[in-house]
Amino acid sequence: MNIVVPIKMVPDLVEELVIDASGARLDPDALRLRLNEFDDHAIEQAILLKEKGAGQVTVVAPDIEGVDDALFTAAAKGADRLIKLTGNWNNGVNNHALARVFANFIKTLRPELILTGVQAHNDLDGAVGPQMAEHLGMAYVGYVSGVIVSDKAQVRKEFPGGMIAEMNVVLPAVLGIQAAEKPPRYVPISKVRATMKTAKIETFPAMELETAGAPTTVRLFQPETGARATMLEGDADAVATRLVEIFRESGVL
Amino acid sequence: MNSDIFVVIEHLRGQVSDISYVMLAAARGLANATGGKVIAVMLGHDVEALARDLAADRVLYIEHAAFADFSSDAYQRTLENVIKENAPRAVLFGDTTIGGDVAAWLSTHLALPLVSACRTFRADGSAPKFVSQICGGKMMAEGDLPAPTALVLMVPGGYKPEQGRAAQAPELVHGSAPALDDLRVTVKEYIEPAVGDVDVAKEAILVAIGRGVQNQDNVELAEELAKSLGGVVAGSRPVIDQGWLAPTRLVGKSGKAVKPKLYLALGISGAPEHTEAIGDSEMIIAINTDPTAPIFDIAKFGAQVDMLDLMPVLTEQVQQAKGLA
Amino acid sequence: MTIPAITNPTFNETFYTSLQTPPTGERVRTCLQCGMCSGVCPFGYVMDFPPGRMIAALRSEIFDRVMNTDTVWMCVACYACTEVCPSGIPLTEKLMARAKEELILAGKVPAELQLALENSQRYGNVLGQSPRKRADWTKGIQATVPVFGKEKKSAEVLWYVGDYASYHPRVQTTSRALAQILNALGVDFAILGPDEFGDGDSQRLAGERGLFEVLAGKNAQAFRKYKFGEIITTDPHAFNAIKNIYPTLGFAFPVRHYTQFLAERLDQLKPLLKQPVNGKITFHDPCYLGRANNIYDEPRALLQALPGAELVEMSHSGKTSLCCGGGGGGMWLDGFHWEKAHTRTSEWRIREALAANATTLTVACPYEPPRFEDAIKTIREASGMEVRDVVELLAESMG
C-alpha cells in the first residue's frame with residue numbers, strides 16, 4: 001500500500017508573533033517555523049501502519065525554510081520517500097492553494113491512503129485534508145485517533161465528551177489525524193544526522209498557485225492580554241461573596 | 001441575492017451540541033445586519049424533537065436513516081444540494097469533528113469561500129466582518145465576510161449558548177435528502193467513554209488544589225466545593241504524589257492539559273510545569289497566601305486568603321446562590 | 001589486549017565492546033562485582049539493573065533484558081558510583097549514559113524526558129523558551145550586564161549564564177546576584193545573550209550525545225566570535241562540559257566555575273560583605289563541582305567570609321554529598337522518579353539539613369534552588385528553612 005503524508009510548516013508559538021507594516025500579515029522575518037504538530041502525528045501514524053506491514057510511506061512538503069529537517073527526521077523514523085514541492089511560497093500560502101498543489105502532485109503517486117494533520121493553528125480557510133479529498137475524489141474523515149488498514153480503513157473518529165465512533169472508510173481515502181495511536185516517537189540527533197547522509201529529498205515543481213477560496217484578512221490584531229490578576233480584598237467571607245458575583249457574571253452559576 | 005443565514009446543527013446520540021446554539025446566536029446578529037432569516041438546517045433520523053429549542057426563524061429538517069449517525073459523505077452530499085438550491089448569504093458550521101469534515105469539502109466542491117476559526121461577526125452597518133482566532137488564541141484576524149455566499153466554521157467563546165436557545169419551538173419544514181446509498185464513510189459502532197473515570201480535560205469547572213491543601217482530610221473540602229459548583233476536583237503534581245488524588249486528576253506537564261470555563265486554583269503556586277497546562281482556561285481564579293506566586297500573573301482574579309478558610313464559606317455561599325436561582 | 005572480532009556479534013557483544021574505549025573504558029573488565037556502586041547509588045535499590053548488576057548482565061550476555069527495563073532512568077548521574085568503585089571504572093559516563101543512549105536508540109524514552117530533549121534541540125534551551133529572550137533577565141535590573149555583540153567584542157571574562165539561570169524565575173535571582181557581585185568587583189565581563197546555547201551536559205548523560213555535540217558546536221562557534229581571557233559559569237554542569245568534554249570534541253577554552261573565580265578574589269570581596277548572616281548555614285556540594293571535579297573548598301571559603309557565618313556540615317558532605325536528583329535527566333523525570341521510588345533525594349537532603357540544625361541550605365548549582373524549595377514545601381518541619389545560592393548570600397550581605 002502507498003501511504004502519503006502531506007505536511008506543512010506553521011508559526012512556532014514560542015516566538016512572539018509580529019504583525020507587519022501592512023497590519024494584515026505576520027512579519028515573516030520574525031517567524032520561526034515548525035512542523036505542524038498534527039502532521040507530526042500523521043507521520044507517526046503512517047510509520048506505525050508501515051511497521052504493521054501496510055506498505056510504503058511518502059512524505060510530501062512545500063519547499064519552505066526548515067522543512068528539510070522535518071523530512072529527514074521523518075526518514076529517520078522510517079519514511080521511505082521524501083518529496084519537496086518547489087514554488088513561490090514566499091508570501092505565505094493559504095490552504096486552498098496548498099490543497100490544490102498537494103492534490104495535483106499526489107495523484108501521480110496513486111496512494112491508497114493519505115494521512116495528514118486534522119488542522120493547523122494558523123488555518124484561516126479550513127483544513128488542507130478535506131479540500132485535498134475533494135480534489136482527488138476521495139472520502140474524508142477527520143479527528144481520527146486510530147487507523148487499521150486492510151481492504152478498507154477502520155478508523156476511530158473522536159467526538160466531544162470522550163466518545164469515539166469506529167468507522168469504516170472505503171479506500172482510497174484522506175484521513176485527518178488528531179492523534180497517532182502512540183505519541184510521536186523520539187529520534188536521537190545522531191540518527192537524524194546519519195539519515196541526512198543516506199536519505200535523499202526529491203524535488204518536484206509545484207503547480208502554479210491558485211489562492212481562490214480563502215477570505216482576505218484586512219486586519220490582524222492581538223487579543224487583549226490579561227494583566228496581573230485583579231485582587232479581591234477582604235477576608236474569606238468577603239472574597240467568597242465577590243466570587244459568587246463573578247461566577248454569576250461569567251455564567252458559571 | 002439571498003440574505004439568509006443558514007446554521008448546520010450538530011447533534012449526536014440525542015443531544016444538540018453547545019456550538020449549535022452559539023452559531024444560532026451568531027447567526028441572529030448576522031441576519032439582523034443582512035435583513036435575512038436564520039434557518040437552522042438539521043439532518044437527522046427521527047430527531048425532530050431536538051429542534052424544539054433552536055432559536056431560528058425556521059428549521060429545515062431533512063430526514064433519512066443514514067443520518068442516524070454522522071457520516072461526512074452523507075452530510076456532504078445533502079448539504080451540497082441545500083446550499084445550491086438556496087444560495088444563502090452564509091452557512092455556519094461548527095469548527096468541530098462534524099463541521100470540519102464537511103465545510104472545507106463543500107468550499108472546494110462548490111467553489112465557495114470559506115472562513116474558519118471564526119469567533120464572532122462584526123456587523124456595524126457596513127458589510128459584515130468575520131473575526132477569527134488563530135495561532136493558539138494569540139492572534140485575531142478580521143476581514144470582510146466574503147460575498148455572495150460564505151461558508152464559515154465557528155469556534156465557541158464569542159457568544160453564549162443561552163442566546164441561541166428559544167423558548168418557543170420554531171417553524172419546521174421538511175427537506176429531502178438525495179440518494180444516500182453507497183456511502184464511503186459509515187459508522188460501525190460507538191465506544192463510550194469509561195464510566196466512573198473523570199476526564200479533567202473535558203470538564204467545564206475545575207477546582208484545582210495544590211500543596212496548600214496540606215493533608216488528605218482537607219481534600220474533602222475541595223470535593224464539596226466542586227460539587228456545589230457542578231465541577232470536579234483536580235490537582236497539581238504534589239497532591240497526586242501524596243496520593244490525595246488519583247493520577248487521572250493531575251493537571252500539568254506530566255498530567256493533562258485542560259480548558260475549562262472556570263479554573264479555580266487553590267494553593268497552587270503556578271510553576272511553569274503546571275501553568276502550561278491551564279493556559280486555555282476561559283477564566284482562572286487563584287487563591288494563594290503568597291502574593292508573589294506566579295499564578296497571579298495568569299489569573300484573571302486572585303485573592304490572598306487561606307484556601308482552607310475560603311473553601312467552606314464559598315461552598316456555603318454557592319449553595320445559597322443556587323438555592324435562590 | 002583486544003577482544004577477537006566475531007562474525008555476527010550479538011547486541012550484548014557489540015555494546016560491551018563499545019564500552020571498552022581506552023584509556024578508562026577497559027576497566028569495565030576489571031569489575032570485582034563488589035556491589036559498592038549499587039549500594040551507594042541513591043536509587044540503586046529501585047533499579048532492576050544497578051551498575052554492578054548491569055555489568056553482571058553484560059558478562060552473562062543477557063544485556064537484552066536490561067533493554068526491556070526502564071529503571072536505568074532512575075540514574076541521576078551523580079558520580080557516587082564512580083567515586084567508590086575500587087576498580088576505577090567510569091560507571092557514570094561510560095556505562096549508565098551509554099545504557100540510556102541505547103534505550104533512546106531503541107525508542108524507549110520516558111515522555112517527560114522526550115519533551116526536554118526536543119526543547120533543547122528546537123530552542124537551544126531545555127525549558128522550551130524563545131532563544132531570542134535568553135538575555136531578557138538583564139532588562140530592568142540594577143546591575144549592568146554587557147552582552148557580547150555589536151558594541152562589545154572583547155572582555156576579560158565571558159560569563160556563560162546557562163539555561164536555568166537565564167530563564168527560570170527562581171534562578172534568575174542567582175544571576176542578578178552574581179551580576180551585582182561582578183559589578184562590585186569591577187570585573188570586565190560580558191554574556192553571550194541569544195548567541196548562547198544550553199550546555200547539554202545533562203542531556204549527554206541522559207543518552208543524547210548527538211544533541212550535546214550539536215549544542216557544543218554552536219557554543220564553540222559563539223565563543224570564537226569574541227576575545228576573552230576565560231569563561232566562568234553559573235552552572236557546574238556547564239563547567240564540567242566546557243572543561244572536560246568540549247576538548248574531546250576539538251575545542252578547548254579556559255573555564256572555571258564562579259566559586260573558583262570569586263574565591264580567588266576573596267580579599268577584594270570580603271570588605272564588601274557588611275550584613276551578617278543569621279542562623280546556621282550548610283553547604284550542599286553539587287555533584288558536578290564536588291565528585292565530578294574535586295572542588296570542595298572554594299564555596300566554603302566564600303561562605304566563611306560572610307560575617308556571622310556559622311557553617312555546619314550535613315551527614316553526607318564533600319565526596320559523599322547526596323545528589324539533589326537533577327542530573328542525568330533527573331531534572332526532567334520528576335514524575336517518573338516519583339512513581340518508581342515514592343521518595344525524592346531532594347527531600348532526603350532537606351531532612352539532613354534539618355538534622356544538622358541548619359536554617360539556610362546553600363547551593364551552587366541552578367538545578368538546586370527549585371528542587372530544594374519544592375522539597376521544603378512537603379516537609380512540615382522544614383518550613384522555616386531557606387535555600388540560597390552562594391552568590392545570593394554574598395549579594396544579600398553586600399546590601
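Analyst: We begin with domains, whose bounds come from an automatic or database domain assignment. In this predicted model, chain B is divided into domain 1 (5-175) and domain 2 (200-324).

User: How many Å apart do the C-alpha centres of domain 1 and domain 2 of chain B lie?

Analyst: The C-alpha centres of these two domains of chain B are separated by 35 Å.

User: What overall description can be given of chain A?

Analyst: Chain A contains 6 helices and 13 strands. Its C-alpha atoms fill a box of roughly 70 × 45 × 40 Å along the principal axes. Of the 253 residues in chain A, 56% are buried. The accessible surface of chain A is about 10,600 Å², and carbon and sulfur atoms account for 49% of that area.

User: What share of the contacts in chain A between residues at least 6 apart in sequence join residues at least 24 apart?

Analyst: In chain A that share is 72%.

User: How many positive and negative side chains does chain A have?

Analyst: There are 25 positive and 33 negative side chains in chain A, with the centres of the two sets 7 Å apart.

User: Which strands are joined to strand 8 of chain A by bridges?

Analyst: Strand 7 (residues 139-149) of chain A runs antiparallel to strand 8, with 5 bridges between them. A hairpin of 3 residues connects strand 7 to strand 8 in chain A, and A:Val149 has A:Ala153 as its bridge partner. Strand 9 (residues 164-169) of chain A is also antiparallel to strand 8, through 6 bridges. Here A:Lys157 stands opposite A:Ala165.

User: Are both faces of strand 16 of chain B covered or uncovered?

Analyst: Both faces are covered: B:Met283, B:Ile285 and B:Ile287 on one side, and B:Ile284 and B:Ala286 on the other, are all buried. Strand 16 (residues 283-287) of chain B is largely enclosed by the rest of the structure because 5 of its 5 residues are buried. Strand 16 of chain B runs parallel to strand 15 (residues 262-266), to which 5 bridges join it, and B:Leu266 stands opposite B:Ile287. Strand 17 (residues 301-303) of chain B is likewise parallel to strand 16, with 3 bridges, and B:Phe301 is the bridge partner of B:Ile285.

User: Where does A:Thr217 lie, and is it buried or exposed?

Analyst: A:Thr217 lies in the loop between strand 11 (201-205) and strand 12 (219-221) of chain A. A:Thr217 has a relative accessible area of 19% and therefore counts as buried, the cut-off being under 20%. Leaving aside residues up to four places away in sequence, A:Thr217 touches A:Ala24, A:Leu124, B:Ala141 and B:Glu142.

User: What is the corresponding account of C:Leu303?

Analyst: C:Leu303, found in helix 15 (residues 297-304) of chain C, is buried with a relative accessible area of 0%. Beyond residues up to four places away in sequence, C:Leu303 touches C:Phe283, C:Ala309, C:Leu311, C:Thr362, C:Val390 and C:Leu393.

Technical notes:
Residues are numbered from 1 along each chain as its sequence is written. Chains are lettered from A and ligands numbered from 1 in the order in which they are written. This is a predicted model: local features need pLDDT of at least 70, side-chain atom pairs count only at pLDDT 80 or more; totals for chains, interfaces and linings use all residues. Side-chain values use heavy atoms; hydrogens and water are left out. Helices (H or I, at least four residues) and strands (E, at least two) are DSSP runs, numbered from the N terminus. Buried means under 20% relative accessible area, exposed over 50%, partly exposed in between (1.4 Å probe, protein chains only). Contact means heavy atoms within 4.5 Å. Accessible areas come from the Shrake-Rupley method with a 1.4 Å probe; for residues, only the protein chains shown count as cover. Lys and Arg count as positive and Asp and Glu as negative; His and the chain ends are not counted. The place of a charge is taken as NZ of Lys, CZ of Arg, CG of Asp or CD of Glu. Two strands pair if DSSP finds at least two bridges between them.
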